[in-house]
Amino acid sequence: MKRSIWLTPLVLVLAACPGPGPAKVACKPYPAANFPQDSYSDSRPVGGVRGTSSPEGTPRLVTDEEQAGPAKGRMSIDNCSLRMPPLLNPAFGRMGVAYGPVDRQNGKVIHFRLTAGDVQEENSLTFGGFNSANPATPLVGSNAMLLRNFNQQGGTFDLGSRSGAMETGLPQFQTQIDAYVILRERGAIYLVDGLAGGYYASLPSASVIGLDQSLTTDVSPQVYPGVHSASPADSHRIHHFQVRDIAAWQNWYATAHAADRLTGGGALGTAEKGGTWAVTGNLSSTADGATADAGGALAFLDPGAPSQVLGLTVKTGSNPQGVGLIFRANKDGSGVYTSYYELFISTTEYELVRVSGATRTRIAFGNTASQLLPKNATAYLQVIDSGPKDTRFSAGGRIRFLLDEKELLSIDAPANNFSNEDNNASAGFTGVGFRIAPGSAGGTAVSYFEAHPRTITLPAELLLREEEAPLEDTGNVVVASDDFSGEFRELAGRKTPVGGLVWEKKASRNPEEYLAVDGNGYVTAFPTSLNGSRGNFLLYGLPWPSQYRNFASLEATIVPPGSGVLRREGEVLGVGQQTCSGFDADNPSRKHRLRAGLLLWQDKDNYVLLRGFMDESQSDASEVEWQVPSRPDFAPVVRRTNLNVRWCHGQPTTLRLSTDGDHITLWVKGVVGVGDPDTKFEPVQTFRWTDLFPDRPPLSINMVGLYFSEDDTGARIDGFKASARR
């Protein structure tokens, strides 16, 4: 459940009233070059971006239509990044920056590095190449990406096309990303990369997340590179922009590892990319594409690695033959493709089937008239295959199918006739291809077949200097560690078993409350109930050694109060077991509240609190929230992100944060469900202290520790570790 109203007022104040001026940091322009670029290394006051050029000389085309005091406009540049604050009247067309139009050419790449402030809004941030410098409907007629809310539990990417948004269903947390739009004469290819351990490949690699085949040079000869916001919560930060011509991607298929236009005449032989076609039946290459006789035909390629995104252009006559787009194909012992998945569409139905020898198992189907193969038309098919679901919280297990840029089918493992075991067993199969069904000979022609791998290696031109990389360090020396073993005692005065640092009680407005080792290997708040008077600040810390003041990495395992089980879909619970859902009316844990986490402390006016958040308001979601003080004994929420069901009543989840005093990165290791493999640390949030306070110096880390707040009803902390780097 979204709760952005809690944090919006403070964030708006911070954005509109940034203080006396940006802090002085070492922002460096890029070397002179003959391509558009922007390092945002020039400081600009609130409302002062309009009419400027990048330090590298590229003019900025700025839209900044909101008032901030007497001056019109609210965008600014500070600390080496463009700041796009929350909109008072959220809508596209009111805030953005674009650059002069570039020609649509094969291999021309638009590249942005950015950190979205909040991806949990319906329309948050869009970036890429647009049909104007200030688009009101940014994905229509544009090759761009949009970050938006996904089931009120995180973010997802939509992709631009001729007709509008193509939904990928791929998840995105609030972490820094690089986004790449590879333009081509027929549409575009979309890539992203992120932090190691996240949903997407990390540098120097990137993940292919979708493609467009509809925008061609005749309807879209030029695009305006840009980034535009419609978010009412949290400032977006844009760190880098460039447009590069990449020689290796100047073929029409760019990053594909299997591709063929299927035009030109004759039988199918060697594809343009991916080897030699293996054909069953009679196929002929024509000016419109490959056609089959009345008996239909199959064609396979093996690029040698699994594919994540496939595309096919289909041209039909008055009596079309049905078409199948084939992926996850595997050969038998004799070298024949006998196992594969197929998205099939005809004028009467569409279906996803799993083929094993002579057996075709239908997984999903439909016959909605608007989603059938059209007659006497050109249609575009696309498959987005997110790969194996190796843990509960991986991005894998979802396959999405698009017809003419609109969703046709979406399937998740586990589902009817599509178990997680089936998904994972086939996810490594490397064959791809297409089928033309029996029917009226030549009734359908297919062309521009393409299959792109899950990850690609980025060319050197797109790799940025190292100091622009996000903070991924977790330290290389353990300074203090405590397993909270031993008899019951208050935490204050206890020495950590590793490091010998002494716990101090730092703050509480209620002198009766305290943290204690409970005698069972946990720390929790006592008394267990204070009749609603738990303090906002129950803080315990360890003095951080002076030689490590510029970095700390903290880790704690937290068990929310109550009891629950994270179960697989369709799994039957045991007697007396409860799920994690706070909305289950019969769940006795639904009233329990989680409000516990970690502390970073400089002084009474400058500190950061990170807490897990879970109660009955969250349904099947849970959160982490960041708080910083705005006045004594009051620290509003300034950042948060939904974690789906990574918290569960009575089950452990681990938080890990790293900071150098400015950059902050958070990882979460979610609860393990019944029968699940172990989870892994996922990067879920990145931001900077200067994102919140552009005029303040980085935080000096004088103390690290633990935090309980606001009517927590019994969370327990099972272990704490604080690391530094030499």
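Where does Pro 414 lie? Pro 414 is in the loop that runs between β29 (406-412) and α2 (420-426), where helices are DSSP runs of H or I of at least four residues and strands are runs of E of at least two, numbered from the N terminus.

1. This is a predicted model, in which local features need pLDDT of at least 70 and side-chain atom pairs count only at pLDDT 80 or more, while totals for chains, interfaces and linings use all residues. Residues are numbered from 1 along each chain as its sequence is written, and side-chain values use heavy atoms, with hydrogens and water left out.

2. Most residues other than glycine have a negative phi, and most peptide bonds are trans. The points below concern the exceptions.

3. The peptide bond from Ala 413 to Pro 414 is cis, with omega near 0 degrees. The loop between β29 and α2 also holds Asn 417, whose phi is near 60 degrees, a positive value in a residue other than glycine. Asn 417 is partly exposed, with a relative accessible area of 35% (buried means under 20%, exposed over 50%, and partly exposed in between, with a 1.4 Å probe and protein chains only).

4. The peptide bond from Leu 203 to Pro 204 is cis as well, with omega near 10 degrees, and Pro 204 belongs to the loop between β15 (186-193) and β16 (205-216).

5. Ala 254, placed in the loop between β18 (236-245) and β19 (258-260), has a phi near 50 degrees, which is positive although the residue is not glycine. Ala 254 is buried, with a relative accessible area of 9%.
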